[in-house]
Amino acid sequence: MGRQRWWAEAVSLGAFVALTAGLAVGGPLWSLDLTVDRWAREHRPPVAEAVAAVLNRLGQGGPLLVLVLAGGVWLAWRLRTPRPLGYVLVAVLLVVPPVLAVKALTARGAPSSRLPPEQTVRLLGPLPPGEYAAGYPSGHVVNTVVWYGVLLLLVTALLRAYGRGDPPVALSRVVRIGPPVIVLATSTYLSYHWFTDGLAGLAYGVFVDQLLRRVRWLA
């Protein structure tokens with residue numbers, strides 16, 4: 001079982017590195033992003049755009065972070081141990097500094113920019129001063145993979161602490177799979193991010209999620 005989990009971590013991290021390297025070189029991945037964004041712009045009626053904008057809020061990092069911190073504090077108080085809060089803080093360290101660092105290093109623009117898309121699709125810029133340059137990877141997608149997984153774990157632990165059963169397996173799968181897929185799709189559809197920004201966010205999010213599953217935070 002542990003060996004399988006290492007494979008999941010290796011594949012997800014390898015996918016993130018491969019995407020980054022491929023985008024740094026350019027070519028097919030740039031063409032893919034430009035093609036997907038062109039399709040999104042040509043198939044974006046007002047109603048669909050409004051619905052997508054609402055659904056995209058599932059990936060808002062601020063509210064999700066507040067929820068997981070509150071859940072960690074509550075569970076720490078309930079179990080009389082700081083471990084749940086420590087678990088949340090470990091998750092924060094695995095998500096926030098690395099994602100911000102990669103965004104700063106790669107300096108990728110957004111497809112919604114007024115600059116030519118052939119310029120903003122590039123990794124490593126250069127972009128004019130003041131231009132948005134924090135597109136890669138999609139932090140919203142990373143948030144949905146990691147924070148919904150952490151929330152599910154905290155809720156499960158709280159239910160057990162109060163003598164209740166675990167959440168249904170089907171519901172757990174929806175919580176873990178639904179938000180990342182929705183946010184990746186809507187971020188791309190609304191031209192907030194290039195398609196590969198979302199794929200990279202998904203890959204790094206899965207990598208962090210797998211690492212967090214190894215933390216025996218209640219032991």
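Modeller: In this account a helix is a DSSP run of H or I covering at least four residues, and helices are numbered from the N terminus. By that rule Leu55 belongs to helix α3. The model is predicted, and every value below is computed from it.

I begin with the charged pairs. A search of the whole structure returns 7 salt bridges. One of them joins the side chains of Asp33 and Arg108, with an N to O distance of 2.7 Å. Asp33 is in helix α2 and Arg108 is in the loop between α5 and α6, so this pair ties together parts that lie 75 residues apart in sequence. Are these two residues buried or exposed? Asp33 has a relative accessible area of 1% and is therefore buried. Arg108 is buried because its relative accessible area is 0%.

Arg108 also forms a salt bridge with Asp197, again at 2.7 Å from N to O. Here the loop between α5 and α6, which holds Arg108, is tied to helix α9, which holds Asp197, so the parts brought together are 89 residues apart in sequence. With 0% relative accessibility, Asp197 counts as buried; the cut-off for that label is under 20%. Taken together, Asp33, Arg108 and Asp197 are linked in a network of salt bridges. Side chains of opposite charge can pair when their charged atoms come close.

Ala107 is in the loop between α5 and α6, and its phi is near 45°, a positive value in a residue other than glycine. Another such residue is Ser191, whose phi is near 65°. Ser191 sits in the loop between α8 (169-189) and α9. At a relative accessible area of 1%, Ser191 is buried.

The side chains of Asp166 and Arg160 meet at 2.8 Å, N to O. Asp166 counts as partly exposed because its relative accessibility is 42%, while Arg160, at 55%, counts as exposed. Asp166 leads on to Thr156, for Thr156 is in contact with Asp166 and Pro167, its neighbours within four places in sequence being left aside. Thr156 is part of helix α7 (residues 139-161). Its relative accessibility of 13% makes Thr156 buried, and its side chain reaches the backbone oxygen of Leu152 at 2.8 Å.

The largest nonpolar core has 33 residues, and the members that touch the most others are Val146, Trp147 and Val150. At least two residues of this core come from each of α1, α2 (28-42), α4 (61-79), α5 (83-106), α7 and α9 (195-213). Helix α7 provides the largest share, 9 residues. Which residues does Trp147 contact, beyond its neighbours within four places in sequence? They are Leu64, Leu65, Val68, Ala91, Val92 and Val95. In soluble globular proteins, nonpolar side chains tend to be buried together. The loop between α6 (117-120) and α7 holds Pro137, which is joined to Tyr136 by a cis peptide bond with omega about -5°.

Helix α1 (residues 2-25) contains Ser12, which counts as buried at 6% relative accessibility. A polar atom of the Ser12 side chain lies 2.9 Å from the backbone oxygen of Ala8. The Ser12 side chain also has a polar atom 3.5 Å from the backbone nitrogen of Phe207. Apart from neighbours within four places in sequence, Ser12 is in contact with Ala203, Val206 and Phe207.

Finally, I return to Leu55 and helix α3. Together with Val47 and Val51, Leu55 makes a nonpolar surface patch of about 260 Å². Leu55 is partly exposed, given its relative accessibility of 35%. Ala48 lies in helix α3, which spans residues 46-55, and is partly exposed at 26% relative accessibility. The C-alpha atoms of Ala48 and Val121 are separated by 24 Å, the two residues being 73 residues apart along the chain.

Technical notes: Residues numbered from 1 in each chain as written. Predicted model: local features only at pLDDT ≥ 70, side-chain atom pairs only at ≥ 80, totals over all residues. Heavy atoms only, no water. Buried < 20%, exposed > 50% of the residue type's maximum accessible area, 1.4 Å probe, protein only. Polar contact = N/O pair within 3.5 Å; in protein donor to acceptor, adjacent residues only side chain to side chain. Contact = heavy atoms within 4.5 Å. Patch = residues over 30% accessible without salt bridge, like charges linked within 9 Å, V, L, I, M, F, W, Y side chains within 5 Å. Areas by Shrake-Rupley, 256 points an atom, 1.4 Å probe, with all protein chains shown as cover. Salt bridge = Lys/Arg side-chain N within 4 Å of Asp/Glu carboxyl O. Core = buried A, V, L, I, M, F, W, Y, C linked by side-chain atoms within 4.5 Å.
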